[in-house]
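Here are a few exercises to work through with the model open in your viewer. Try each task before reading its solution.

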Amino acid sequence: MSQAEHYEILILGSGAAGKLLAWHMAGSGRRTAMVERRWIGGSCPNIACLPSKNEIWSAEVAHLVQHAAEFGTTNGPAAVNMAAVRRRKRDMVDREIAHHLENYKASGTELIMGTGRFVAPKTLEVQLNDGGTRLLTGDRVFLNLGTHAAIPNIPGLEAARPLTHIEALELDYLPAHLIVLGGGYVGLELAQAYRRFGAEVTIIEAGPEFAGREDRDVAETLLEMLRGEGIEVLLDTKALRVDGRSGESVGLVVQSPAGERRLDASDILVAVGRTPNTSGIGLDRAGVALDPRGYIAVNDRLETSAPGVWAIGECAGSPQFTHASLDDFRVIRDNFAGGARSTRNRLVPYCLFTDPQLARVGLNETEAALKGVAVRLAKLPMSAVLRSRTISETGGFMKALVAADDDRILGFAMIGPEAGEVVAVAQTAMLAGMPYTALRDAILTHPTMAEGLGPLLSRVPAS
Ligand SMILES: Cc1cc2nc3c(=O)[nH]c(=O)nc-3n(C[C@H](O)[C@H](O)[C@H](O)COP(=O)(O)OP(=O)(O)OC[C@H]3O[C@@H](n4cnc5c(N)ncnc54)[C@H](O)[C@@H]3O)c2cc1C
């Protein structure tokens, strides 16, 4: 075993929080090492947010081209070239990696490519990707390990070599028929993209309800829109067994309310949830406790059970978004600077990048009812927002929840074009504690989607 090398700051895993922390700490003069086994910059730029949105945009282009005549442009026969789709995505990822490497260099962070595991408290043994090992110790150790796609225990599934999001974003061919196991955001985004590239797509959702965390009207609108594009969605349907091999031909036997049924397809994508990357890396030897779901147990300052060890991002049970991981970095940074920043009561928005997008912040109706929060509700169809008519995208709606006893906005949801942008306006008003009337009466640019907030909030019933 090599002799231990000591760092002031030692980070395992280069996700959103970890890399920002590395650059910040090294940039302020602390001897900092980052250990990363594969993805320079973590999941977001390599295999998750950015590449998925890149390919979703290619799918959007394919969709527009297919409907170009409606907009007054006629063109010749169009075809999707998945190798070119992948090339555009890979070019973007390569640029991201180069940008990350520049940041590591400029900040003075030592980037160590290898797999780390604890051999003692605050002590990592790193199996280097280039061969050999290094032993590293840190005054302060940060874990930003992320999660990976869960593969459910269904007979024949593993042998079928199913796609996860990683392989799905690397395909250079168009699946003839793609089965998507799981109706969560990863599954829905990729299902629609592949449908728009031209594949037959079937989504298998085990739960009786679609998009179970959303209000019924939101979930039903989304379901209707996906079905409207020719995506088959089977609800309350359990996968029983799989045969064949993804990429060639796969058979899936399911149990649905109508009975047992066999589906034959060319490819199968698994998107049923995430498993934290916390097993087999000696966290017990480091004194780092896990919660019952296998995530690292942390307090609201992201401190673990081991003194001098913090966990950040998804492995710490933070909301599974890049912007939440980024905020974990800010919690650590500000607390180190003597502040008192916590993860409690964070307002974390999100956007499902289907077309149209679904975005939400704060409470929805279901949560308000569960928590016994009295609200006033306003809803506006997107067809009433003039901008939606100019682009022929009038499906969906906006919804606002306002406190019953004062004028604070407690929640906002939108399914419609640019929902991911409009939600930021509602969120800003919520963060500022603005009365809904101030946003209602604001002069907003015409014709934009955000302009719809005025008529939406005009519908809030008087208290
Ligand atoms: C398909 C898909 C699309 C998504 N789209 C969005 C989106 O649009 N918007 C959004 O906000 N979020 C999205 N997410 C979620 C988002 O990617 C994550 O929440 C985000 O990347 C934050 O992750 P993180 O910081 O916890 O860790 P990660 O970015 O996952 O980083 C963890 C790193 O740790 C490394 N690692 C793990 N164990 C070890 C070890 N023992 N040794 C060395 N290295 C190790 C891993 O290789 C990895 O690079 C998406 C996720 C997926 C799967």
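**Exercise 1: around strand β11**

Strand β11 and strand β12 (residues 259-265) run antiparallel, joined by 7 bridges. This is a predicted model, where local features need pLDDT of at least 70, side-chain atom pairs count only at pLDDT 80 or more, and totals for chains, interfaces and linings use all residues. Residues are numbered from 1 along each chain as its sequence is written, and side-chain values use heavy atoms, with hydrogens and water left out.

Task: work out how β11 connects to β12 and to β10.

Solution. Start with the terms: strands (E, at least two residues) are DSSP runs numbered from the N terminus, as are helices (H or I, at least four residues). Two strands pair if DSSP finds at least two bridges between them.
- Step 1: a hairpin takes β11 into β12 through 2 residues, and serine 256 has glycine 259 as its bridge partner in β12.
- Step 2: on to strand β10 (residues 238-245), which runs antiparallel to β11 with 7 bridges. Arginine 245 faces serine 249 of β11.
- Step 3: β10 and β11 also form a hairpin, with 3 residues between them, and glycine 247 in the turn has a positive phi of about 100 degrees.
- Step 4: 6 of the 8 residues of β11 (residues 249-256) are buried (under 20% relative accessible area, with exposed over 50% and partly exposed in between; 1.4 Å probe, protein chains only), so the strand is largely enclosed by the rest of the structure.

**Exercise 2: strand β1**

Task: find which strands β1 pairs with.

Solution.
- Step 1: β1 (residues 4-12) runs parallel to β5, with 8 bridges. Tyrosine 7 sits opposite glycine 138 in β5.
- Step 2: β1 also pairs in the parallel sense with β2 (residues 32-36), over 4 bridges. Here leucine 12 is opposite valine 35.

**Exercise 3: an aromatic pair**

Task: describe the ring pair of phenylalanine 142 and phenylalanine 336.

Solution.
- Step 1: ring centres of Phe, Tyr and Trp (its six-membered ring) must lie within 6.5 Å; planes under 30 degrees apart are stacked, over 60 edge-to-face, the rest tilted. The structure holds 7 such pairs.
- Step 2: phenylalanine 142 and phenylalanine 336 are 6.0 Å apart centre to centre, with 50 degrees between the planes, which makes the pair tilted.
- Step 3: phenylalanine 142 is in β5 (residues 133-143) and phenylalanine 336 in helix α8 (residues 322-336), 194 residues apart.
- Step 4: phenylalanine 142 is buried at 0% relative accessibility, whereas phenylalanine 336 is partly exposed at 24%.
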